[in-house]
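Hello,

Here is the structure I promised to pass on to you. Have a look at it first, and then read on for what turned up in it.

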Amino acid sequence: MRTYPLTLAAALAATVLLTGCSDDKSGGDDVKNADRPSDSACALGDMGVKVGAAAAPAAGDTGTVTVTLTNQGKQCTLKGFPGVDLLADDKTTSVSPDEGAKAPSLTLGKGATTSFTITYVRGEAGSAESLDVRKASFTLPGDTKTAHELAWSYGAVAWADEKPSVSGFETSGD
């Protein structure tokens with residue numbers, strides 16, 4: 001009877017298939033885990049930064065500064081709000097999130113973009129109720145050691161009645 005070679009071939013094929021399986025989920029150099037989503041926080045050093053503004057033309061007017069980030073590193077996650085500070089000659093003030101805003105978790109693949117917006121009311125230059133801002137800086141949640149500074153050329157910011165605010169991260173593009 002000639003069933004032995006066929007049985008032997010089937011057993012050999014099953015052995016090869018079974019040894020190719022692994023329940024090791026540790027990652028390492030394992031190719032099957034290479035596309036697994038990453039929960040690591042986005043690093044500012046891996047981001048391209050562009051700033052655009054719709055500056056408030058006069059005291060009492062509302063203006064916005066939008067910061068667009070492009071992930072140039074590996075996949076990462078933003079969980080929370082950007083940390084924004086306004087810096088004047090003698091004072092640094094933190095900007096609070098928009099009232100009632102929620103910060104969803106956002107995963108960015110390489111090349112993906114997101115943005116956030118700082119909304120402010122222009123104040124009277126030199127007024128005790130305004131902050132004569134010279135620079136703004138921001139950090140990403142989970143990467144609070146690295147800050148990106150930008151020159152503020154949008155005039156004084158009203159501080160007494162109309163405090164500035166920052167939006168959560170918004171998705172950009174498709």
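Predicted model: local features only at pLDDT ≥ 70, side-chain atom pairs only at ≥ 80, totals over all residues.

Val 67 has a relative accessible area of 1%, so the residue counts as buried. Leaving out residues up to four places away in sequence, Val 67 touches Val 49, Lys 50, Val 51, Thr 114, Ser 115, Phe 116 and Phe 138. Gly 52 is 15 residues away from Val 67 along the chain, and the C-alpha atoms of the two are separated by 6.6 Å.

**The aromatic rings**

How many aromatic pairs does the structure hold? There are four aromatic pairs. In one of them, the ring centres of Phe 116 and Phe 138 are 5.3 Å apart; the planes meet at 70°, over the 60 degrees that edge-to-face requires, so this pair is edge-to-face. Phe 116 belongs to strand β7 (residues 113-121) and Phe 138 to strand β9, so the pair ties together parts of the chain that are 22 residues apart in sequence. Are these two residues buried or exposed? Both Phe 116 and Phe 138 are buried.

Phe 116 also forms an aromatic pair with Phe 169, again edge-to-face, with 5.8 Å from centre to centre and 80° between the planes. Phe 169 is found in the loop between β12 (165-166) and β13 (170-171), while Phe 116 is in strand β7, so this pair ties together parts that are 53 residues apart in sequence. The relative accessible area of Phe 116 is 0%, and Phe 169, at 8%, counts as buried too. Taken together, the ring pairs link Phe 116, Phe 138 and Phe 169 into a cluster.

Back in strand β2, which covers residues 62-71, you will find Asn 71. Why does Asn 71 count as buried? Its relative accessibility is 2%, and buried means under 20%, so Asn 71 falls in that class. The side chain of Asn 71 has polar partners in the backbone. One of its polar atoms lies 2.9 Å from the backbone nitrogen of Gly 73, and the side chain also reaches the backbone oxygen of Lys 74 at 3.1 Å. Apart from neighbours within four places in sequence, Asn 71 is in contact with Asp 46, Met 47, Cys 76, Leu 108, Gly 109, Lys 110, Gly 111 and Ala 112.

**The disulfide**

Cys 76, one of the contacts of Asn 71, has a bond worth a look. A disulfide is a covalent bond between the sulfur atoms of two cysteines. A search of the whole structure finds one disulfide. Which residues form it? The partners are Cys 42 and Cys 76, with their sulfur atoms 2.0 Å apart. The link between Cys 42 and Cys 76 is right-handed, with 90° about the S-S bond. It connects distant parts of the chain: Cys 42 is in the loop between α1 (3-20) and β1 (47-54), and Cys 76 is in strand β3 (residues 76-79), 34 residues apart. Cys 42 counts as buried at 0% relative accessibility, and Cys 76 counts as buried at 5%.

**The salt bridges**

Side chains of opposite charge can pair when their charged atoms come close. The structure holds two salt bridges. One joins Arg 134 and Asp 89, whose closest N and O atoms are 3.6 Å apart. This pair links distant parts of the chain, with Arg 134 in strand β9 (residues 133-140) and Asp 89 in the loop between β4 (83-88) and β5 (92-97), 45 residues apart. Arg 134 is partly exposed, at 46% relative accessible area, whereas Asp 89 counts as exposed at 66%.

The other salt bridge is between Glu 149 and Lys 135, with 3.5 Å between the closest N and O atoms. Glu 149 lies in strand β10 (residues 143-151) and Lys 135 in strand β9, so the pair ties together parts that are 14 residues apart in sequence. Glu 149 is partly exposed, with a relative accessible area of 45%, and Lys 135 is partly exposed as well, at 38%.

Technical notes: Residues numbered from 1 in each chain as written. Heavy atoms only, no water. Salt bridge = Lys/Arg side-chain N within 4 Å of Asp/Glu carboxyl O. Helix = DSSP H or I, 4+ residues; strand = E, 2+ residues; numbered from the N terminus. Buried < 20%, exposed > 50% of the residue type's maximum accessible area, 1.4 Å probe, protein only. Polar contact = N/O pair within 3.5 Å; in protein donor to acceptor, adjacent residues only side chain to side chain. Contact = heavy atoms within 4.5 Å. Phe/Tyr/Trp six-rings, centres within 6.5 Å; stacked < 30°, edge-to-face > 60°. Disulfide = S-S within 2.5 Å.
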